[in-house]
Amino acid sequence: MSEIIKPEKKPIIFSGIQPSGTLTLGNYIGALKNFSLLQDDYDCIYCIVDMHAITVRQNPADLRRRCMELAAIYIASGLDPKKSLIYCQSHVTGHAELSWILNCFTYMGELNRMTQYKDKAAKHADNINAGLFTYPVLMAADILLFQTNMVPVGVDQKQHLELCRDVAQRFNGVYGNVFTIPEPYIAKVGSKIMSLQEPTRKMSKSDPDDTFVALLDDPDTIRRKIKRAVTDSDGEIRYDPENKPGVSNLLSIMSALGAGSIESLTAELAGQGYGTLKTRTADCVIAALEPLQNEYKKLIADKGYLQGILDENAKTANYLANKTLRKVQKKVGFASRG
Ligand code: AQP
């Protein structure tokens, strides 16, 4: 009798990006750039997390437009929609449903310790809403819904991922092995790209325009922004994030974009001025973003194609999410469904 060989199940990757502004070089280096590298060896799910985005007030028309743009950016960055599941969070009701259940397994004290909450509450003092506080619970639901094995993120999300693991372990401790416990996937170089104007702070897409390079900035704008990047006054090109955050940030950017190791770049640029460092950084960034930008222009012109992908993938994502959700609902004792 011939043996039936089942195709080996690949580990699952899940990650998401908020359509909360123009994507930055930080989002690209810390997260997006790694997404396409993983799609052959893993079953990849990449979400446009519009539900997370409304924890900060958004203009509805802009948010809707940015969801479509993010779908185009995902594909332009090398994601193959046949290999990676690209969809919108708000199209899959399981995110909100699981999030509510997980809220009941997360302690206030745990959420109180989250540094992103503290940062965002300080930035948006006029709108410190409960969604901002429970953001990490929704993020845990996003990840756990798909029985995710690995989550590629920037280092700023590590604390949220640790909370997700704690909540999953707590739930499993009560009900058995319901959730896969996810591992973070954080790149060694570039996991925290800093603001060009305040290099001790993370580069963020909701900060003022001159603090970041946007993925769709044209070459002149990229050169101008990098030329104006804050450095220091000692003039030495050396990697020392604590004492020379601006210079170190530019070296990290170059290295993460494939220009060489930090050591080789430092050796190569030793004795040269910051002008050269900035020109070289701008050259690297422009070259890295050019293919993405060209592809993006074609994709964004075809909204029907993008909408088709989002609609079709929402069905698959709902199906996968509901498999976990039904199991969880049964475990906690929700009424049976006929
Ligand atoms: N500066 C950064 N360096 C490296 N990685 C970064 N990421 C964000 N900023 C950097 C990573 O990008 C992914 C998507 O982030 P997000 O949109 O979900 O939220 P965020 O981390 O809050 O990013 P922003 O740009 O700072 O958004 P806003 O300004 O809206 O809060 C994540 O994997 C993140 O680690």
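Mentor: Start with Glu268, which counts as partly exposed at 41% relative accessibility. Buried means under 20% relative accessible area, exposed means over 50%, and partly exposed lies in between (1.4 Å probe, protein chains only). The model is predicted, so local features need pLDDT of at least 70 and side-chain atom pairs count only at pLDDT 80 or more, while totals for chains, interfaces and linings use all residues. Residues are numbered from 1 along each chain as its sequence is written, and side-chain values use heavy atoms, with hydrogens and water left out.

The side chain of Glu268 meets that of Arg280 in a salt bridge, at 2.6 Å from N to O. This pair links distant parts of the chain, with Glu268 in helix H11 (residues 262-269) and Arg280 in helix H12 (residues 274-300), 12 residues apart. Helices here are DSSP runs (H or I, at least four residues), numbered from the N terminus. Arg280 is also partly exposed, with a relative accessible area of 25%. A salt bridge is a side-chain nitrogen of Lys or Arg within 4 Å of a carboxyl oxygen of Asp or Glu. Side chains of opposite charge can pair when their charged atoms come close.

By that rule the structure has 21 salt bridges. One of them joins Arg65 and Asp62, at 3.2 Å from N to O. Both residues lie in helix H3 (residues 60-76), 3 residues apart, about one turn of the helix. Arg65 is partly exposed at 40% relative accessibility, and Asp62 is partly exposed at 28%.

Lys158 and Glu162 form another salt bridge, at 3.5 Å from N to O. They are 4 residues apart in helix H8, which separates them by about one helical turn. Lys158 has a relative accessible area of 36% and is partly exposed; Glu162 is partly exposed at 39%. Elsewhere, salt bridges link Asp232, Asp234, Glu236, Arg238, Asp240 and Lys244 in a network.

The structure holds 10 aromatic pairs. In this one the ring centres of Phe171 and Tyr175 are 4.6 Å apart and the planes are at 45°, so the pair is tilted. Rings of Phe, Tyr and Trp (its six-membered ring) pair if their centres lie within 6.5 Å; planes under 30 degrees apart count as stacked, over 60 as edge-to-face, and the rest as tilted. Phe171 is buried, with a relative accessible area of 0%, whereas Tyr175 is partly exposed at 23%.

Technical notes
Helices (H or I, at least four residues) and strands (E, at least two) are DSSP runs, numbered from the N terminus.
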